[in-house]
Amino acid sequence: MPLALALQGGGSHGAFTWGVLDCLLKAGLQPAGLSGTSAGALNAVALAAGWAADGEKGARGALRALWEGIGQINAPLQPPWRSDGSLQGQALKAVTQMVSPYQFNPAGFNPLRQLLGQCLDWEALRAKGQPPVFIAATEVATGRLRLFQRHELSVDALLASTCIPTLFQAIEIDGRFYWDGGFAANPALLPLIKTAPSSDLMLVQLLPEYSPGMPPRRVEGILQRSRELGFSAHLLNELQWLALMQSDAGWLGRWSPSRLRRRVARLRFHHLDGGAALTGQSAASPLNTDSLSLDVLHDAGQATARDWLARHAGAIGRRSSRALSDFNAE
């Protein structure tokens, strides 16, 4: 079951995607390509490294090692870094709204750095002949998307993709500074369509596709929704562009002289989102990295993926299970 995977970011909600991937791998998923942003980048690289080292077993093991490691590094940290519940998460957010990371974190400490260096098989990740990987970061000076490909991946590239600017100092790579990739692509779809050896593409979405009860009236709700919109805009634009291009290409587009037009015309799109599993989570929950919360999210991701497979597994390799036209502007 070869499938290209586009994995959205969402802080600790990335553990939901861990559960989704765990289930898909167990069901026979073969990654044909991976694109990820922020927490989605962590999942993409862990899966790619583990798959390159030992197939399904290696991929599932690498994902588990990553998220169990994230849960473990939380415990010994001191405030404001430790976040093991909604109260601590709210306190951390309050700190970051008053002072910059250059003030409260002058040493540039990032609790992920050591973990990423230890738990991922970087040699296997860079091996030739493996599916393409694209990790998104945003260049601070220009706002442009930077896609780190498999041969360019490093701990710094992952830290750049996950660099929330209110929490961490910008990551410098080759004289350029980067923030979270969600500002520019969350995640990037087009690179997978161009390069993945499969026409099946699944988007695993963590941010809500639709939020009822809008507009929010309280400050916290306004801030939360504005962040969600900011991290969703580029993805929605790309989905709408793909829908328009696929519609214009029509059936005959499969034999177009344009390679990109052929790839888009033949694209089979699949969509899995957090839905009810993430609805109702507190605004601080993406900052909660205690082991119990991550395990709950993992289990929710597994359950959602099992439900998706029960309804749509037969579509893979045959047809889209979600129409791109669903994302068109009304």
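The largest cavity here has a volume of about 30 Å³, where a volume is the space filled by probe spheres set on grid points joined across faces, edges and corners. This is a predicted model, in which local features need pLDDT of at least 70 and side-chain atom pairs count only at pLDDT 80 or more, while totals for chains, interfaces and linings use all residues. Residues are numbered from 1 along each chain as its sequence is written, and side-chain values use heavy atoms, leaving out hydrogens and water.

A cavity is a set of points on a 1 Å grid over the protein atoms alone where a 1.4 Å probe fits but cannot get out, and its lining residues have an atom within 4 Å of a point. Among the lining residues are Ala4, Leu192, Asp200 and Leu267. By type, the lining divides into six nonpolar, two polar and one charged.

Now to the aromatic rings. Rings of Phe, Tyr and Trp (its six-membered ring) pair if their centres lie within 6.5 Å; planes under 30 degrees apart count as stacked, over 60 as edge-to-face and the rest as tilted.

| Pair | Centre distance | Plane angle | Class |
|---|---|---|---|
| Phe148 and Tyr178 | 5.7 Å | 70° | edge-to-face |
| Phe183 and Phe231 | 4.9 Å | 40° | tilted |

Phe148 and Tyr178 are both buried, meaning under 20% relative accessible area, with exposed over 50% and partly exposed in between (1.4 Å probe, protein chains only). Phe183, at 34% relative accessibility, counts as partly exposed, and Phe231 does too at 23%.

Notes:
1 Å grid on protein atoms, 1.4 Å probe; cavity = no way out; pocket = protein on both sides within 12 Å on 5 of 7 lines; lining within 4 Å. Nonpolar A, V, L, I, M, F, W, Y, C, P; charged D, E, K, R; others polar.
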